[in-house]
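I set out to record what can be looked up in this structure, beginning with a single residue and ending with the whole chain. The entries follow in the order in which I made them.

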Amino acid sequence: MRLWSLHPELLDTKGLVACWRETLLAQKVLAGQSSGYTNHPQLARLQSTAEPLATVGAYLQGILDESLRRGYHFDASKILRPELAAQRGQLAVTSEQLNFEYRHLLRKLEVRSPQDALMLAERHATEIPVHPLFHVIAGPIASWEKDSQAV
């Protein structure tokens with residue numbers, strides 16, 4: 001499960017669809033509708049909020065907005081609490097976590113879509129856009145990031 005802090009515009013088609021599906025799974029876990037993945041480290045930052053379902057709903061809404069911009073047809077009715085406007089910028093993501101995720105995405109794209117990797121590297125060499133739910137603060141890679149030593 002990967003809940004990207006990166007703006008969904010950075011994801012290729014496969015990445016955007018995977019993020020949508022994985023976040024719907026996270027929503028099920030947070031709603032008590034799934035017994036799997038309940039201790040997944042990616043859920044920690046959602047579970048730590050006052051209203052985890054509203055937070056995951058805001059995250060999904062950000063993905064949905066990008067899908068609509070691309071002309072895709074994700075099912076908005078699957079979002080239990082689509083409250084992006086109220087949640088905008090609510091969660092902090094550290095600068096090093098954002099850089100880690102950006103490099104991680106570039107590595108994935110170099111394998112499955114080298115053209116997308118090249119365009120991503122050229123477009124965002126200096127500033128990395130963040131998902132609307134997040135705001136960036138200075139700091140290290142998140143402690144829940146299990147592959148942080150791999151970069």
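Entry 1. I looked up Val56 and found that it touches Thr23, Ala26, Gln27, Leu30 and Leu46, leaving out residues up to four places away in sequence; contact means heavy atoms within 4.5 Å. The model is predicted, so I note that local features need pLDDT of at least 70, that side-chain atom pairs count only at pLDDT 80 or more, and that totals for chains, interfaces and linings use all residues. Residues are numbered from 1 along each chain as its sequence is written, and side-chain values use heavy atoms, with hydrogens and water left out.

Entry 2. I placed Val56 in helix α3, residues 52-69; helices (H or I, at least four residues) and strands (E, at least two) are DSSP runs, numbered from the N terminus. Val56 is buried, with a relative accessible area of 0%; buried means under 20% relative accessible area, with a 1.4 Å probe and protein chains only. From Val56 to Val111 I noted 55 residues in sequence and 29 Å in space, C-alpha to C-alpha.

Entry 3. I turned to His131, which lies in the loop between α6 (114-123) and β2 (134-137). His131 is buried, with a relative accessible area of 1%. Not counting residues up to four places away in sequence, His131 touches Trp4, Ser5, Leu6, His7, Pro8, Ala58, Tyr59, Gly62 and Ile63.

Entry 4. I then searched for pockets. On a 1 Å grid over the protein atoms alone, a pocket is an open set of points where a 1.4 Å probe fits, with protein on both sides within 12 Å along at least five of seven lines; lining residues have an atom within 4 Å of a point. The largest pocket has a volume of about 300 Å³, a volume being the space filled by probe spheres set on the points. It is lined by 17 residues, and the closest to its centre are Met1, Arg2, Glu22, His104 and Lys108. Helices α1 (13-30) and α5 (95-112) each supply at least two lining residues, and α1 gives the largest share, four residues.

Entry 5. Along its principal axes the C-alpha trace spans about 40 × 35 × 30 Å. Buried residues make up 46% of the 151 residues. Among contacts between residues at least 6 apart in sequence, 77% join residues at least 24 apart.

Note on methods: Buried < 20%, exposed > 50% of the residue type's maximum accessible area, 1.4 Å probe, protein only.
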